[in-house]
Amino acid sequence: MSSSPVSTSLPAQPYGRPPLRTVQVLGDGAGAGSCAHVRSLATGLAARGVRVTVCAPVQAEGEYDFTGAGAEFAPDAVSALRAACAGADVVHAHGVRAGLRAALAMRGRRVPLVVSWHGDGPTTAGALGRLSRMLERHVARAAAVVLGASSDLVDLARLRGARDARLAPVAVPAGPAGAEAADPGKVRAELGAVERPLLITVGSLVPHRGYSLLLDAAREWRALEPAPLLVIAGEGPLRAELSRRIQAEGLPVRLLGRRRDAAQLLAAADLAVLPSRRVARALLAQEALRVGVPLVATAVGGVPELVGEGAVLVPPGDAAALAAAVTGLLADPERRAALAVAGRAQAATWPSEDDTVAQVLSVYDELMERRR
């Protein structure tokens, strides 16, 4: 097992040397957690004198303002990625797909590639699973260093042939100032949950998020008095299917679409629910524990390692267990209060943004020393 993140900042470059140049690569479809991490990383690296270029979809720049963090921005077109990588000292890709694009763009160049695996883990079934494993092998072997957001991802990278795989937990980026200070009563009123419990989950509407399972559980909550309202903040290809089920079955569920105020919604909720079938270091779990919102989550991937005793875990794929855990917590305010305290205590053990930047920069410095 790799050592824990470094807790002190390191100088970007010794005196007299040119600034380190790094390209941060985000692939199409990168999740909110990856984008927020790159934004945080760009801010910290630029503050330490590193020249940072973020190569990402244009919409990601519009939402996360990488240039405002001190980075240069390049669109994720192949030509722009090639040009950016040509002038880099280190290329750092975030996710397997981004790692593949970066490896192809760097072909023939002696520039070290770092790949962070902090996504939702591998696809395991059928032809898509075989393709996923093939891509993972290619990226793991192309990388000088693989940084896994959780121990299971470090193990996976080693299984796929990584020469150097290390644990590198990703810090929760600080939200916008005042986001968590919004009036919870006003938020609940706008959602229609003034006199009923409010449950929330956040994430793209894609199969591995487990929303079908969540709707199965929501059928059980209809019998409660008052019935809790579940709100789902996110957008994706399953919207039409989920909408049909909600309407046909009369489920107490609202699809909110993509929201920029997810932190305010979360702070107003009674419970957060994470029903994913696979996930590494879930952003929702981190944010819920940090603000003291009790969490019910499936025990998959890096979730048990992440939350410790700060959440209620249920088996993946078990709608009855998920429904029972939520129902039990709604009926037990003392247990919810204890979970809020335990969640904040667990969050206090996670690395800070400064710790994360320092660890990544130490990896870059190590790779530069190898080249000299």
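**Cysteines, sheet and salt bridges**

Reply: The sulfur of Cys-55 has its closest cysteine sulfur in Cys-85, at 6.9 Å, which is too far for a bond, since a disulfide is taken here as a pair of cysteine sulfur atoms within 2.5 Å. The model is a predicted one, in which local features need pLDDT of at least 70 and side-chain atom pairs count only at pLDDT 80 or more, whereas totals for chains, interfaces and linings use all residues. Residues are numbered from 1 along each chain as its sequence is written, and side-chain values use heavy atoms, with hydrogens and water left out.

A disulfide is a covalent bond between the sulfur atoms of two cysteines. Searching the whole structure gives zero disulfides. Cys-35 is likewise in no disulfide, its nearest cysteine sulfur being that of Cys-55, 13 Å away. Cys-55 has a relative accessible area of 1% and is therefore buried, a word that means under 20% relative accessible area, with exposed meaning over 50% and partly exposed lying in between (1.4 Å probe, protein chains only). Cys-35, at 6% relative accessibility, also counts as buried.

From the cysteines we can turn to the sheet. Six strands make up an open sheet with parallel pairing, in the order β10-β9-β8-β11-β12-β13. Its edge strands, each pairing on one side only, are β10 (253–257) and β13 (312–314). From one strand to the next the twist averages 25°, where axes are lines fitted to C-alpha atoms (for helices over the stretch in contact) and angles run from 0 to 180 degrees between N-to-C directions. Strands (E, at least two residues) and helices (H or I, at least four) are DSSP runs, numbered from the N terminus, and two strands pair if DSSP finds at least two bridges between them. Within the sheet, β11 (residues 271–274) and β12 (residues 295–298) run parallel and are joined by three bridges, with Leu-274 standing opposite Ala-297 in β12.

Gln-346 belongs to helix α14 (residues 333–347) and, with a relative accessible area of 18%, is buried. Apart from neighbours within four places in sequence, Gln-346 is in contact (heavy atoms within 4.5 Å) with Leu-289, Glu-305, Leu-306, Val-307 and Gly-308.

The charged side chains complete the picture. A salt bridge requires a side-chain nitrogen of Lys or Arg within 4 Å of a carboxyl oxygen of Asp or Glu, and by this rule the count is 16. Arg-219 takes part in a salt bridge with Asp-216, at 3.3 Å from N to O; both residues lie in helix α8 (residues 211–221), three residues apart, about one turn of the helix. Arg-219 also forms a salt bridge with Glu-249, their closest N and O atoms being 3.2 Å apart. That pair links distant parts of the chain, 30 residues apart, with Arg-219 in helix α8 and Glu-249 in helix α9 (residues 239–249). Arg-219 counts as partly exposed because its relative accessibility is 33%, while Asp-216 is partly exposed at 23%, and Glu-249 is partly exposed with a relative accessible area of 23%.

Another salt bridge brings together the side chains of Glu-235 and Arg-239, at 2.9 Å from N to O. Glu-235 counts as partly exposed at 28% relative accessibility, and Arg-239 is partly exposed at 27%. Elsewhere, salt bridges that share partners join Asp-164, Arg-166, Glu-366 and Arg-370 into one network.
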